[in-house]
Amino acid sequence: MKNEEVEILMVEDNKQDAEMAIRALKKSHLVNNLIHLDDGARAIEFLFGTGEFAGRDTNKKPRLILLDLKMPKMDGIEVLRIIKQHELTKRIPVIVLTSSKESPDIDSCYSLGVNSYIVKPVDFDGFIKAINELGFYWMLLNQNAE
Amino acid sequence: ESEKMYKAIASGIPGSVICLLDEDYRYFLIEGDLLDKLGYSKEQLLGKKAVDVLSRERYAEVLPDFERVFRGEVFTYDTKRGDYYTLSRFVPLKNEDDKIYAAMVVVIDITELKKAEQHIRELNVGLEQKVADRTAQLEEVNKDLQSNMLRLKESEEKFSKIFDTSPVGIAIAVIETGIIRDANKSFLELTGFSYEEVIGRTSLDLNMIHEEDREKLKQEYIENGKIRDKEVSAFNRSGESFPVLLSLDHFLIGEVRYSITIAYDISKRKKAEEQLMAANKELEAFSYSVSHDLRAPLRAVNGYARIMEEDYSNSLDNEGRRLLKVIKDSGNRMGLLIDDLLAFSRLGRKEIRRSAINMNELAKNVVAEINETTPHTANIRVEPLHPVMGDYSLLNHVMVNLILNGIKYSAKKEHPVVTISSKKEGRELIFSISDNGVGFDMKYVHKLFGVFQRLHSTEEFPGTGVGLAIVQRIINKHGGRVWAEAKINEGAVFSFAIPEQ
C-alpha cells in the first residue's frame, strides 16, 4: 500500500511460506521493500493501479515478482499471462515459486514467458537456501530492463 | 461209292482216321492221315481182323470198346498217346432192318485242342489269381477309404461343433472375391447381421470394417500370409463401431483359397483398460496432491522451530531447546515418511520394463555409489551373480535398499561384512544379501515387509519401515518372491527369487 519503490512483489497465499521467505530475504539484506499479497487478483490490481490500489503510480514497478501458482480465486498462471501480455508489466522478471512439479504447469509457464521456475524445496533448509540464492541472483547479479 | 465218300470225309478232317469194322471185327475200311501217326498202315489193317493185327495188349484194350459199339452204344473218349491226344468216337451202323452190321470208329488228333484247353486253363488260373489279388487290394483300399471317411466325418463334426458353439465370431470367405461363405452364430451376434444378410456378400458390401483398418489388415496379410490379434474398429449392422481383436488364416480346398476370420469383441477389455488408466491417473494426482499439501505445513513446522532456535535461543533453557529439537526431528521424520510413502505408491503403478540385466555390473555400480555417498566401514563382498530378465532401475533400487540395510544393521559390529550372492534353483534365480549384524527375532519375520513396520526402534537404527515394503512390491511385480532369515545378533539373510524367462 506504499507509493514508494517496491523491490519485490511476492504473491503467495501460504502465510507461513511467505513469512519464512521474507525473513530469509531480509536477513541476507537482499531486500528492504517487499510487498506480500495473498491472491492474484490483488496482485493485478497492484500492478495496474486499480481497485484496492487505485491511484498508485504504476511506473514504480517491482524489480522482481515471486509468484506462487496454486492460489485461490485467480490462478497463478492467469496472473502470469496478464503480466507477460501487458506492455506495462511484461519486462518485469517473474519467478514462479511453487510446490507443483507438474510438467503441464512448467510448460505453460515457460510458454507464457516466465523468467524462472522454482519448485519449493520440501525441507526448510533447502527452502531458505533457494530463496537466498534466487535473491542474490535476481536482485544483485541480473540486469533488469529499464 | 461209299468208300469214296468215307475217303473224302476222312481227308476233310486233317489228323483223323475213319475205320469201319464188321461183326468179326475186321477192318473193311480205313481212311485218314492219322493212321501213320498211330503207327499202322492201310495195308497192314485193311481186310484183316483186329485180333490178328493188333498186339495182344492193344486188342485187350480195344475189345471192350468193340463189344460196346456192337451192342449199339454210341460213345466217345479221349486218349493220351505219348505226347499227343486223340479223340475216339464209336458209332454203330444199322442196316434197313435196324440190325448193326458195322461199327464206325473215328479217331481225331486233338492235340492242338488239348493244348489250347490247357492254355486256357492256365490262363484261367492266372486270371483267378489276378482277380483274387485285385479283390484283396480293393478291399484294402476300401478299408482305408472307410476309415478316412470316418476320420473326415469326425473332423467335420468336430469343426462344426467348434464353429457353431465358439464364443468368438468366425467367418469363412473366399480370399479372391471376399465373398462370405459361412459365419457362425457368434459372428452374427457380434455384427448384428442375420445369416442370410451375410452369406454371399463381402465385408466391404456390409461395411463391417473401417477403411484404414482394412488397408492395414491387407498389408499384414500380404506380408505375413496371416493376421494375428490385430485391434481394429468394426461396424455393426446399425453402423455403430466397436473394438475387435482380429485374426485371419487361410486354407486351401482344391484350388480355391479360403480365409477364416476370427473376431473377438474387446469392448469390455478396452473399457476396463480405460478405467484402469483413469484410476491410475486419479491415484497419481491424488498422491501427488496429498504429498505436497502435507509438505507445506511441514515446512512451516520445521521452519518456525528453526526461527525460534535462531531468535529465541537465549530465552530458552536446555529443556526448551530439547523440546524444539524434538519438534524439528519429528518434522524431519514426517518428511521422510511422506517421501517414502509417495515412492511406494508410485512404484505400485509403474510398469516394469524388462531387459537382460548383468547383475554383476549392477551390483558393482550400486556398491560403488554407496561407497561414495554413504560413509560406512562394512566389507562388501560381491560373489559372481546370475543374469536376470528384469527392470534395471527397479532392481537397482532393490539392491541399494538391501545392501544399505545390510550395512546399517551391521554397523555396530567391529568387522561388519555384507555378502551378495546368487544361485539357480529349478526355474528361479535366487539372490541373497547377508550381513553379520544385529539380526532380528524370527518370531516377527511376517511383519518385516509390511508398510511402516519395523523390528527396531528409530533410535537404534534410523528408517521409515517402507524400504522393505517397496522391495517386496518390486519383486512381486517381477513375478518373484522375497523372504528373510535371521538370528538375533548373528546377522540376517535377505533373499529374493526371480523366475528365469
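Five salt bridges are found across the interface of chain A and chain B, a salt bridge being a side-chain nitrogen of Lys or Arg within 4 Å of a carboxyl oxygen of Asp or Glu. One joins the side chains of A:R23 and B:E310, at 2.7 Å from N to O. The model is predicted, so that local features need pLDDT of at least 70 and side-chain atom pairs pLDDT 80 or more, while totals for chains, interfaces and linings use all residues. Residues are numbered from 1 along each chain as its sequence is written, chains are lettered from A in the order in which they are written, and side-chain values use heavy atoms, without hydrogens and water.

In contact (heavy atoms within 4.5 Å) are 19 residues of chain A and 13 residues of chain B. The two chains bury about 1400 Å² between them, 53% of it on carbon and sulfur atoms; buried area is the accessible area (1.4 Å probe) that two parts lose on being put together, summed over both. In chain A, the most area is lost by A:R23, A:V122 and A:F124, together 42% of what that side buries.

Chain A also holds an open sheet of five strands in the order β2-β1-β3-β4-β5, with parallel pairing. Strands are DSSP runs (E, at least two residues), numbered from the N terminus, and two of them pair if DSSP finds at least two bridges between them. Because β2 (34-37) and β5 (116-119) of chain A stand at the edges with a single partner strand each, one side of each is left without a neighbour in the sheet. Strand β4 (residues 94-98) of chain A pairs with β5(A) over four bridges, and A:L97 has A:I118 in β5(A) as its bridge partner.
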